[in-house]
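Subject: Handover of a structure

Dear colleague,

Please find the structure below, together with its sequence. My findings follow it, and I would be grateful if you read them with the structure open.

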Amino acid sequence: MSASHVIDVRNLRTHFHTEKGRVTAVDDVSFHVDRNEILGVVGESGCGKSVTSEAIMQLLNPDITDFEGEIVFGGENLLTLGEDRLSRIRGKDISMIFQDTTSSLNPLYTVGDQIIEALQAHGRVSRKAAAEAALKVVSATGIPSPEKRLKEYPHELSGGMRQRIMIAMALVCEPRLLIADEPTTALDVTTQAQILDLITQMKRDFDMGVIFITHDMGVVAEICDRVAVMYLGQVIEDSTVESLFEAPLHPYTKGLMQAMPTIESDPQADLYTIKGKVPSLSDVPKGCRFAARCPFSTEKCVAQPPTLDVATKGHKVRCWHWQAIADGSACKVNAGAEVG
Amino acid sequence: MTDAPQFSTDLKVAKHRLKHEQRSLTIKRFLANKLAVCGLGLTVVICLIALLGPLISPHEPLDINPIDRLKPPSLEHWMGTDNFGRDIYVRVMYGTRASLLIGFSVAMLSSVIGVAIGLYSAYFKPLDHLLMRITDGLMAFPAILLAISVIAVFGPTTQNVILTLVVVYTPLIARVVRSNALVVKEQPYIEALHALGASRTRIIWRHIFPNTVSSLIVQASFVFAVSIITEAMLSFLGVGIPAPHPSLGNILYDGKNVITSAWWMTVFPGAMIIGIVLGQNILGDGLRDFLDPHTNKAVSKR
Amino acid sequence: MISYIVKRLLSLIPVLGVVAVVVFALVHLSPGDPASVILGPDASAADVDRLREELGLNRPVPQQFFLWLGNALTGDLGNSLYNQTPVTEVFLDYFRPTLSLAIFAQIIGIAVALPMGVFAALNRGKTIDGALMSFALVGISIPSFLMGLLLILFFSVFLNWLPVAGYAPLSDGLLTHLEFLLLPAISLGFIQAALITRITRAAMLEVMNNAYVKTARAKGLSRPVIVIKHTLRNAFIPILEIIGQTFTTLIAGAVVVEFVFNIPGLGQLIVNSVERRDFPVIQGTVLLVAFGYVLINLFIDLIYGFVDPRVRLDQ
C-alpha cells in the first residue's frame, strides 16, 4: 500500500533545542501523498506546517533539531540519509517553493543562471542543453517573452513573475514531489489565481504529488484533493476535500470555516472568531490541545489527549466528541465561545 | 471625578515604580552580558592601576639615574629601567594616565560635536549635504598623517594631539548618529509630535537623541580605543607627547633602539596598550550585543 | 553602468574639494606667518620676506588657494625645501616601499581572514567559532607597530631568524624584497586579518539568514557551491566595503611599521620632513595619500557595481 505513495510521513516528531529548553514543534504527524494529488496542509502560523515541510526537505539546522518517526520517500527514510544522498534528492526528486519571492532568489545572478544551476546540480548537462531546458520550463509557466526574462535579475521582475520563476526552477528536474510553502500568500488575488492554476496544471503534466501549505481555506477548496488540518504541532483532521467541506468534524476546523467570509455571509454581522489564542509550544496542554478554546470541551478533553481516529472512510479526526458534535447531542459547555 | 487627583498621584507612583523596575531590569541584563562586564572590568582595573600605581613606587618618572641604566626587572625596579636609568614601572603608569586622558578627551569631545552634527544634519536636508561631504573629505585622511602635519605646524603638545584626533574622529561619530537619527525621524510618533506643535529643538534633543545613544556609546568606545592607538603611534614616531614626559608610545620608541638588549622596555608598555585597547574592544562588542536584541543565540544540543 | 560610473566620479568632486581645503589650510591658517613657520624662529626678516614672495603669500588667501589648487591639479605640488626636488618625485620614491608593504599585508590579511571568517560562520556557536573570534578580538587590539616590535623581539632576538630590519628594493629580486618585507607585512597583516575575519563572519551570518540560501539548499546544490556561490559572493560586498574604508588605517599602520623596521618609506619621509620642517613635502604627502584613499574607494565602488547588478542597473 505505502509503496504506491509518493511520500509517506509516519509519526514524525521534530524537537528544537532552544534557550528555553526542548520544544516539540511537530508531534506525531502522519500523512501521505500520492501521484497526481495535492495535499493541503492547513493551520495558523506556528502550527508546525512549515517545520513539517522543512523536515521533509531536511533543511532544518541539524545542530538544534532532533527527529523521530519516518519519512519514507522512494523506499528510503529521509531522516536517516546522509547529506550527500539528500542533496541528490533535493531539487531533483523533491522540490520546494517558498512564500517570500523577494528574497528567495539570489539577487546577484540572473534567473536563467539560477534555473540552469538547478539542472546542472543534478546531472552532467551541457550549459547549452540546460539553457534550452530552462527556456522550455519557463515558457511552460506562461511568462511573457521568456528568453528576455531569463537574462534578467530577480529585482527586475514582479512578485508574480518571480514566483513563476521559482516554480520553473523547482520543476526543471521533473520532481515527483513538490512542496509549496504558502506560495501565493504574498501575491495579489489575480496573480494568486494564476499561480494556483499553474500549480494544478503542472501537477497533472508532471504526474507529481504536491504538498500545499497554506492558512487559507479558500485556496484549499480550490486546488487540493485531500487536506490535513494542523493545530499546535499535530494533525487534528485528515480528509478528502469534499468530505471536509461537506462536514468538518473537528471543532477547530469548523471554526476555521466559519471564520472564512463567503459570498452569502451577511456583511453587517461580525465574522466568527475562535476565542482565545494558540498556547505556546513550550507549554503544551496535557489533554486535547484545543480544549481551552473549544466550545465542547469536557473534563476528559482536558485530562486525556485524543487520538487520530477514522471517522468515516478517508476522514480521520482527533477529537473525543466528534460523533456527539456531529449528532448535535454535545452541549456547548463553553457558552459564549462564539461571541468572543 | 472626585478622586481624579488621587488617580493622578497613583499614576505617578506607578510610573515611577515602572521606571525603577525597568532600570533594575536593564542593569540585570547588562550584568548577564559577560563580554560587556569583562570589558568594563578590564577598563576600570587599568584606570585604577594608572591612578594608584605610581603611589606605591618610590621613583619619579623623570628621575635620571645613569648608574642603573638598562637594568632588567628587579625588586627595586619592577619593570626595569631605561637607557637613562629611569624607572619603567612609574613611566608606564604615567604613560597610561596620559593615554587614558587623551582617549577619554577625544571620545568625549568628538561625541559632543559628532552628536550635534549628526542630529542636525539628519534633521535639515541642505545642512546634511554640506556636512556629509565635509565628513567624507575628513575621512579620507589617515589620522596619523594629518596629526603629524598639524603637530609639525602647531607644535607637539598634548592639546594639539587631542584636537587633531577630534577633527579626524568626529566624522565617525557623526555618521553613526546621523544614520540612526534618520531612521527615528521617519517614525510616525515624530510626525505626531510635529502635528502637536512641539518645537524642533525639543523633538531633536528630547525624542530623537535618546534613540541614538546606544550606538553612540558603542562608537565612542571605538573612538576611545583608536585614539589611544594613534597617540601611541604619534609618540612612537617622536611627534606626540614631547620627549621627557612619559607616554606609552615614547617608551616604546626608546625601547626600539635597544630592543636586542632590553625586552622589558617593549613588553611592559606594549602589554599596557594591548590591555587598554582590548578592554575597549571587548566592551564595545558586549555593548553591541547588549543593545541589539536581534542577535539571537543558537543553542547547540551537544 | 556608464551612468553609475559618471555619478560616482561626480561625487568625488566635493570630497576632493574638502581634502584640498584642509591640506591648504594646514599650512596657511597656522598661527603667524607660514613663511616664518617654515623657516623656523631663527630665520632673518629678509629670508622670511623672500620666501613670502616665493610662495605668493602676499596675495589674498582665496587667490593663493586657487593658485595652489591649479598647480596641484597639474601635478605640481611645489619643491622640497630640503633638497629642492619636486614633491611628487620625492613622494613617489618613498611611496614604493609603503605600497609594497601595504599590498603584501593586505594579501596576507585577506588570505587568512576569508577562510577563517567563513569557517567561523559555518560553525557558529561552536567552540572553534568562539576560539577564532576571541583570537580576532585580541588581534584587533594589537596595534601593528606593536606587533612589529613583538615579532622582532621573538623572531630576530630570540630565534635569530630573519633580518631584524632593513629593506631591499624590488630590483634586488622579488625573493629578497619579500624576505625583508615578510615580518613587517605580517605585523601589518595581522590586525587586518583580525578585522576582516570579524567582518567576514558577520557578513556571512547575515547572508545565511536570507531565503535564497534556503532555496539553494532546496535545489540540492552541493555545500561548497552554496557556501561560495550563494553566500560568500553575496557577503563579499560588505567585506569589500571594509577593505576600502580601512585603506587609511592600512597606510597609517604601514607608515609606523616601516619606522619600526627601518624601511625607507613614507613613514621615514614624513618623520624626516617634520624634523626638517619641510612643509611642502608634508602637505603633498597628506594630499596624495588622501587622494589615494579616494581612488581606492572609487575603484571598490566600481567593483561593487560589477558584483551587484542592483547597484549597476539602478537608474
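Predicted model: local features only at pLDDT ≥ 70, side-chain atom pairs only at ≥ 80, totals over all residues.

How many residues does the contact take from chain C and from chain B? The contact takes 43 residues from chain C, and chain B gives 42. On the side of chain C that touches chain B, the elements giving two or more residues are helices H1 (2-28), H6 (127-139), H7 (144-159), H11 (247-261), H12 (266-276) and H13 (279-307) of chain C. Of these, H13(C) gives the most, with eight residues. Sorted by class, this side of chain C holds 35 nonpolar, six polar and two charged residues.

Chain C itself has 14 helices and zero strands. Its C-alpha atoms fill a box of roughly 80 × 60 × 35 Å along the principal axes. Of its 315 residues, 43% count as buried. Among the contacts in chain C with a separation of 6 or more, 72% come from residues 24 or more positions apart.

Chain A contains an open sheet of eight strands with mixed pairing, in the order E6-E7-E8-E3-E9-E10-E12-E11. Strands E6 (94-97) and E11 (309-312) of chain A stand at the edges with a single partner strand each, so one side of each has no neighbour in the sheet. On average, neighbouring strands of this sheet are turned by 20° against each other, direction ignored. Within the sheet, strands E3 (residues 37-42) and E8 (residues 209-214) of chain A run parallel and are joined by six bridges. A:Gly40 has A:Phe212 in E8(A) as its bridge partner.

With kind regards

Note on methods. Residues numbered from 1 in each chain as written. Chains lettered and ligands numbered in written order. Pairing = 2+ DSSP bridges. Helix = DSSP H or I, 4+ residues; strand = E, 2+ residues; numbered from the N terminus. Axes fitted to C-alpha atoms, helices over the stretch in contact; angles between N-to-C directions. Contact = placed C-beta atoms within 7 Å. Nonpolar A, V, L, I, M, F, W, Y, C, P; charged D, E, K, R; others polar. Buried ≥ 20, exposed ≤ 12 C-beta atoms within 10 Å, placed from the backbone.
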